[in-house]
Amino acid sequence: MEGGADLKKYMFAELFEKYRLPLFRYLMQMSRNRETAEELLQETFYRAMISLKVKNMVQARAWLFKVARNLYIDQARKSKSENKMMEKLIKDYQPSSKLGNPQQQLESKNRQEELEHILAKLPERMQTIIYLREIQGFSYKELATSMDLTDSQVKTTLHRARQKFQQYDQERRELENEKR
């Protein structure tokens, strides 16, 4: 029996090392708050230790992101100040690099902030599907599993999310051009 327990500990240690950062980045993108992302990450792995069986490790990535997403949704429903937190983080978020051309860094930082702002305008479901597909590289099957959707719903939702994202980006560009 102890061999099985050791195998389970090893498997969860591997899962934690492999998915800790991608899950944290996803939760940061969604919550826009480091403490919230850390708490949700901790709760995600706690639930994995309790519920995830060794035989289900093949689908662990999709399962972990599904749990993280559901925890985020629950947390967001409870948080009355979600919009204030998102606005503050968008305003305060400043990724920096000490390498390269300062002008390029500024332009890159500005574009990243614009894209994050556009992503934040999308409904949660669209934010999640774009993030998981484009940033995390989820397959359509993994998206279907993690978001409780059929394959056709994944394709439709992703298509609509991309369209809406492009629409918001185009509107932002047009406003910017009118100001000039």
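# A tour around helix H8

Start at the second largest pocket, whose lining holds three nonpolar residues, one polar residue and six charged ones (nonpolar: Ala, Val, Leu, Ile, Met, Phe, Trp, Tyr, Cys, Pro; charged: Asp, Glu, Lys, Arg; polar: the others, including Gly). The model is predicted, so to speak of a local feature asks for pLDDT of at least 70 and a side-chain atom pair for 80 or more, while totals for chains, interfaces and linings use all residues. Residues are numbered from 1 along each chain, and side-chain values use heavy atoms, without hydrogens or water.

**Stop 1: the pocket**

Select Glu114, His117, Ile118, Lys121, Tyr168, Glu171, Arg172, Leu175, Glu176 and Lys179: together they line the second largest pocket (an open set of 1 Å grid points with protein on both sides within 12 Å along at least five of seven lines; lining atoms lie within 4 Å of a point). Which helix gives the largest share of this lining? Helix H8 does, with six residues. Color H5 (102-121) as well, since H5 and H8 each supply at least two lining residues (helices are DSSP runs of H or I, at least four residues, numbered from the N terminus).

**Stop 2: H5 against H8**

Now show both helices whole. The axes of H5 and H8 come within 9 Å and cross at roughly 125° (lines fitted to C-alpha atoms over the stretch in contact; angles run from 0 to 180 degrees between N-to-C directions). On the H5 side, pick Arg111, Glu114, Leu115, Ile118, Leu119 and Lys121; they meet Phe165, Tyr168, Asp169, Arg172, Arg173 and Glu176 in H8 (heavy atoms within 4.5 Å). This H5 and H8 contact has five nonpolar, no polar and seven charged residues.

**Stop 3: H6 against H8**

Next, select H6 (residues 124-135) with H8 (residues 151-179): their axes come within 9 Å and cross at roughly 100°. That makes H6 roughly perpendicular to H8. From H6, look at Arg125, Met126, Ile129, Ile130, Arg133 and Glu134, which meet Val154, Thr157, Leu158, Arg160, Ala161, Arg162, Lys164 and Phe165 in H8. Seven nonpolar, one polar and six charged residues make up the contact of H6 with H8.

**Stop 4: H7 against H8**

Finally, highlight H7 (residues 140-147), which packs on H8 at about 100° with the axes 9 Å apart. H7 is thus roughly perpendicular to H8. Show Tyr140, Lys141, Leu143 and Ala144 of H7 meeting Asp151, Val154, Lys155 and Leu158 of H8. The contact of H7 with H8 divides into five nonpolar, no polar and three charged residues.

Note on methods:
Parallel < 35°, antiparallel > 145°, perpendicular 65-115°, else oblique. 1 Å grid on protein atoms, 1.4 Å probe; cavity = no way out; pocket = protein on both sides within 12 Å on 5 of 7 lines; lining within 4 Å.
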